[in-house]
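These are my notes on the model you sent.

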Number of protein chains: 2
Amino acid sequence: MRDRERQSRSLTSHDVASMLGVSRSMVSRAFNPAASVAPEMRKRIIDAATALGYQPNAIGRSLQTRSSKIVALVLGTMENPFYAQVLERLSRELQLAGFQSLLFSLSPGQDVDSQLPFLLQYNVDAVVIVSASISSGVATRWIDSGRRVVLFNRTLPGTPLPSVSCDNVGGARQIVDHLVAQGCRRLAFAAGRKDTSTNIERERGFLSRLAEIGMPFAGKTDGEHCTFNDGYKAAVHLLDHKPDAIFFANDVMALGGMEALRERGARVPEDIAVVGFDDIPAAAWRTNSLSTIRQPLDQMAASAVDLAVQDNQGPELKVIHPGTLVVRDSSDKGHAAAGRGDAPAETSRMPV
Amino acid sequence: MRDRERQSRSLTSHDVASMLGVSRSMVSRAFNPAASVAPEMRKRIIDAATALGYQPNAIGRSLQTRSSKIVALVLGTMENPFYAQVLERLSRELQLAGFQSLLFSLSPGQDVDSQLPFLLQYNVDAVVIVSASISSGVATRWIDSGRRVVLFNRTLPGTPLPSVSCDNVGGARQIVDHLVAQGCRRLAFAAGRKDTSTNIERERGFLSRLAEIGMPFAGKTDGEHCTFNDGYKAAVHLLDHKPDAIFFANDVMALGGMEALRERGARVPEDIAVVGFDDIPAAAWRTNSLSTIRQPLDQMAASAVDLAVQDNQGPELKVIHPGTLVVRDSSDKGHAAAGRGDAPAETSRMPV
DNA sequence: CTGAAAGCGCTAACAG
DNA sequence: CTGTTAGCGCTTTCAG
């Protein structure tokens, strides 16, 4: 239908400009909605550009504008499927806002600091740190360099770094109330990594709510990591404390824990109720049917993108989204051993 | 210890050059190992640069060299945890080779074509397409533009696009042999999406091996997608055919299928053996203990990076890595109902 | 081995 | 509204 170039040298604004007998500035302006250009002029340029297959070169533009329209996403291991979801939402949300995502996958043990020079080299407009640790020294150097840093599901005490996270404290408190309402009286907590703010907050919420209602807690374990295996081991240890409910720091651990419980002959939820945190896809699989706190990923991703690239330097430097308690079989004594339908239990009962 | 700038304007090669009384060219050369520079001169420059905190700006360099040192990673949804692993390995491998990864997460139904203009804008050196469909028209346009396109776990018949994948046909054949050795005689196949090459190849291997050994197959289902739910439904349907073994097109489906089987009272593996494909982390969880074909991700990622950025324009345009059969409880009739140890079954028995 | 000059592709300030 | 001019930060001939 229309001609198409076959040369490998890419076109420049000069090419389309000279073909139309206008200046390079005009084709630049034509692609900038905010620039004032005669409507028919703009149309003529855009038409010619599309016919030729011309697209403004982002590298050239970045050099001039000092903005690459790229946001760096830094994350550690993705052993926890929750982070795969986070990554997906964040990058989609960024695309919607006209940004691209540069991915930095850190090897275990490696911290952000070592990769920072590379980020700087690419003039990224902002950095979203998802599941990795950053030292406060580096963080302030970043802020000084004028770039924005946003922490996702992490907070860094002592630095004014904007962050967005789920209400871990509130979620844990919801869980306590739910378990107590189910008739549980001996609640235990299986912690993940001690040095992550998510884990610390979930534990704090759990303990504080228990204290408020005057109920002693049955026991807790400290974990090295947050894996299926850690959950398994935690459950084995916690069995010594004879709990009637265990709150695991995240879903992956809870799944491991449930397996241990089943093997030891403890029925879930009749003998021991189990609740996790995150609402990963596997939690909804009816094999597991794990009660959990659902993190509002879409809203969290949107907030993160706002903080990273929108220039609403508003007051909300720490955005906290409430999570939703999703009650499934693992903690629902009322429905325990009730009849099951024909389709997998992807739908779940929500609390009233 | 050493002084550190606190200005937000970033340093340029000019800054360090003028401080040392040399030309900008020299500092550029100092950072290029291939350039000929007097050793002590290079040291002087590098020292000054590090003291100042100077790093060459990648955008400026890209403009000049026409190489951004960025590779685009295109992928669809990450509902299947296998792709999270793929992403992680690919980006790590790229970093090792000195490249950064630009991530393109496509919404369901969206194809690569629509995002292509953006990729072009950033002068990415190559594109690795992981789990998405690309039209052959677009593919050839890409090749014409001089950039390299590599398909990961996908092939696009009719185009000479380099690809790297696991030996799906061979893996499926291994599975048939294994199941037959276990005494199974009525093998069924639960397919995933009909339009993915992985699914097609796995089915072909399965059927061809059955034909070779003269064994009829017990039945198969066609899936719309590749989810847990699809596996569940497939298992329900396949039960009508009274199979004694089911090969699911991937692990996620197999997990869904096993759940359906358990609910219907079919014991795994005693009544029905189950095998998946991919070896996602959840397959090793002892809850599931799913036999599967492990894809050699590290090697596959390395190959993909080679094809994408190394200039070994060798003959191997289609790299196929063999998978490894991992036998776990779900297909191991010999060990079925055997005693279990104290630790989760992360280790697995390999075939002799 | 080093310096000077040119230019990658683009946008923005300044005139008209 | 449009053209001209001047760089963004870097590498790369080309001379010396």
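1. In what follows, a residue is near a molecule or strand if its C-beta atom, placed from the backbone, lies within 6 Å of it. The model is predicted. Around DNA strand D there are 25 residues, and those that come nearest are S36(A), S13(B), S25(B), S28(B) and G60(B).

2. The surface near DNA strand D draws at least two residues from each of helix 2 and helix 4 of chain A and helix 2 and helix 4 of chain B. Helix 4 of chain B gives the most, with five residues. By class, this surface near DNA strand D has nine nonpolar, 13 polar and three charged residues.

3. DNA strand C has 24 residues around it; S13(A), S25(A), S28(A), G60(A) and S36(B) come nearest. At least two residues of the surface near DNA strand C come from each of helix 2 (24-30) and helix 4 (58-65) of chain A, and likewise from each of helix 2 (24-30) and helix 4 (58-65) of chain B. Here helix 4 of chain A gives the most, with five residues. The surface near DNA strand C divides into nine nonpolar, 13 polar and two charged residues.

4. The contact between the protein chains takes 48 residues from chain A and 49 residues from chain B. On the side of chain B that touches chain A, the elements giving two or more residues include helix 4, helix 5 (81-96), strand 2 (100-105) and helix 6 (112-121) of chain B. That side of chain B has 20 nonpolar, 19 polar and ten charged residues.

5. Pairing of strands also crosses between the chains. Strand 2 (residues 100-105) of chain A and strand 2 of chain B are antiparallel and joined over three bridges. L103(A) has S101(B) as its bridge partner.

6. Chain A contains 13 helices and twelve strands. Its radius of gyration is 26 Å, whereas a compact globule of 352 residues would have one near 20 Å. Along the principal axes, the C-alpha atoms of chain A fill a box of roughly 85 × 50 × 35 Å. Of the 352 residues in chain A, 49% are buried. Among contacts in chain A between residues at least 6 apart in sequence, 69% join residues at least 24 apart.

7. Strand 8 (residues 245-248) of chain A is covered on both faces, with A245(A) and F247(A) buried on one side and I246(A) and F248(A) buried on the other. In a regular strand the side chains alternate between the two faces of the sheet.

8. Strand 8 of chain A runs parallel to strand 6 (residues 187-193) of chain A, joined by four bridges; A245(A) is the bridge partner of L187(A). Strand 8 also pairs in the parallel sense with strand 9 (residues 273-275) of chain A over three bridges, where A245(A) stands opposite A273(A). Strand 8, helix 11 (residues 251-263) and strand 9 of chain A make a right-handed β-α-β unit.

9. Why does V176(A) count as buried? V176(A) has 25 C-beta neighbours inside 10 Å, and a residue is buried if 20 or more other C-beta atoms lie within 10 Å of its own. V176(A) is found in helix 8 (residues 168-181) of chain A. Not counting residues up to four places away in sequence, V176(A) touches L187(A), F206(A), R209(A) and L210(A). V176(A) and F247(A) are 71 residues apart in sequence, with 8.4 Å from C-alpha to C-alpha.

How values were computed: Residues are numbered from 1 along each chain as its sequence is written. Chains are lettered from A and ligands numbered from 1 in the order in which they are written. This is a predicted model: local features need pLDDT of at least 70, side-chain atom pairs count only at pLDDT 80 or more; totals for chains, interfaces and linings use all residues. A residue is buried if 20 or more other C-beta atoms lie within 10 Å of its own, exposed if 12 or fewer, and partly exposed in between; C-beta atoms are placed from the backbone. Two residues are in contact if their C-beta atoms, placed from the backbone, lie within 7 Å. Ala, Val, Leu, Ile, Met, Phe, Trp, Tyr, Cys and Pro count as nonpolar, Asp, Glu, Lys and Arg as charged, and the others, Gly among them, as polar. The radius of gyration is taken over C-alpha atoms; the globule rule is 2.2 Å times the number of residues to the power 0.38. Two strands pair if DSSP finds at least two bridges between them. A crossover is right-handed if, with the strands pointing away from the viewer, the path from the first strand over the helix to the second runs clockwise.
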